[in-house]
Amino acid sequence: MIIPSTVRIATLLLLSMSTGGSVLISGYSCSSCCCDALSTSSSSASSAPPRTGASTGRRDALGKALQHALVATAGSAAALLTLPSSAAATAASATPFSPLPLQTAGSSPATTTVRVEEIGGGFDLLSPPSAGLSTSDVLFPASMVGTTWRVQRVVTSVEGDLGQAGIAWSCLGGSSERAFTSKLTEVYDTRFIEAPSSMLIDATYEFDGKILRGAILDRAYEMQQRAGVTTNDVDVSWDPTKGNILTYTTEKGDPIELAVVQRRVEKPTDVGGFGSDELYRIKSSAGGVFGNTAVYRAARVRRRYRRGYDEGTGKRVVDGIEIVTTYRVLDGVAGVEMPTSTFKSRIRMTQL
């Protein structure tokens, strides 16, 4: 804060009066003759002579000069003394900044509860926008329907928070912690079904000049085969017509809910490959001292596939790369601008 020069003058005058000396104030003048008495240099109180009639007159002159200074600074001093009140009044009269609140779907503005403010590029996992789902599921080639496929999957690299990466890998169906940490190859079966007619958009694609109806992954079957690879005793619930949510219970009895809240799909074509980009909301229990308290996590799963043939057996294969990125979640909002970990896996599906 900058103090006006006149306020500094008044302060110097008070010091001069308290010490019995005089203060040289440069750059200040007044129309009153009493201010002419302030042209002497400062002197200490210890060396000042005993006060006489002359010193009394000088004191009176200083008093008058002080009165001039205080009058001249009345506005500034009042402003300084009342700054907190005036600032509060200004803040009260100004229009407050109100960031857009996160609302529960269907709630009215009057009943809106703001969960998180200033989230920047955060994604609301609890009330995701419907526009985030371009399709109701990921499309695979129609030729993958009607047969079983043997999956070989191995983690090739892990970056960032190893703990967050491991939890996401396990919740997404990872068979064992050792397979993740030691980068062992997981082996399990999967299968595909024809895309249901209830899909949000047309589930057809063009290949080799023909219009074909795509296939979708049987997510329940794959979760049973992968997560329950040792006991095959995993309870899974999934509806192909509403393929965005899958729930299952782990071998330890922990309930897990996987919900796709954002999805982009690249359909199979004549050239190139196909793939998907899905953002998962993972709901699980906190465990430990927190018991069954629900915990939300976020993981973006990107997959890219290409079709081919096994060089040794001649069987049809689908090779893929999977990249999973995890994010911190605060009150249901995922900070998608700041990933916490990334791990990559190599996938090969061979037709049996």
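I first noted that pLDDT, the predictor's confidence in each residue from 0 to 100, stays under 50 over residues 1–7, for which the model has eight contacts (heavy atoms within 4.5 Å) beyond four places in sequence. I found pLDDT under 50 over residues 12–49 as well, with 48 such contacts. Where pLDDT is low, the predicted coordinates should not be read in detail.

For my own reference, this is a predicted model, in which local features need pLDDT of at least 70 and side-chain atom pairs count only at pLDDT 80 or more, while totals for chains, interfaces and linings use all residues. Residues are numbered from 1 along each chain as its sequence is written, and side-chain values use heavy atoms, with hydrogens and water left out.

I then looked up aromatic pairs (ring centres of Phe, Tyr or the six-membered ring of Trp within 6.5 Å; planes under 30 degrees apart are stacked, over 60 edge-to-face, the rest tilted), and the count came to six. Phe140 and Phe192 form a tilted pair, 4.7 Å centre to centre with 55° between the planes. Phe140 is in the loop between strand E1 (123–124) and strand E2 (148–160), whereas Phe192 is in strand E3 (residues 186–194), 52 residues apart. Phe140 also forms a tilted pair with Tyr305, at 5.5 Å and 55°. Tyr305 lies in strand E11 (residues 294–309), so this pair ties together parts 165 residues apart in sequence; helices (H or I, at least four residues) and strands (E, at least two) are DSSP runs, numbered from the N terminus.

I checked burial last (buried means under 20% relative accessible area, exposed over 50%, partly exposed in between, with a 1.4 Å probe and protein chains only): Phe140 is buried at 5%, Phe192 at 4% and Tyr305 at 8%.
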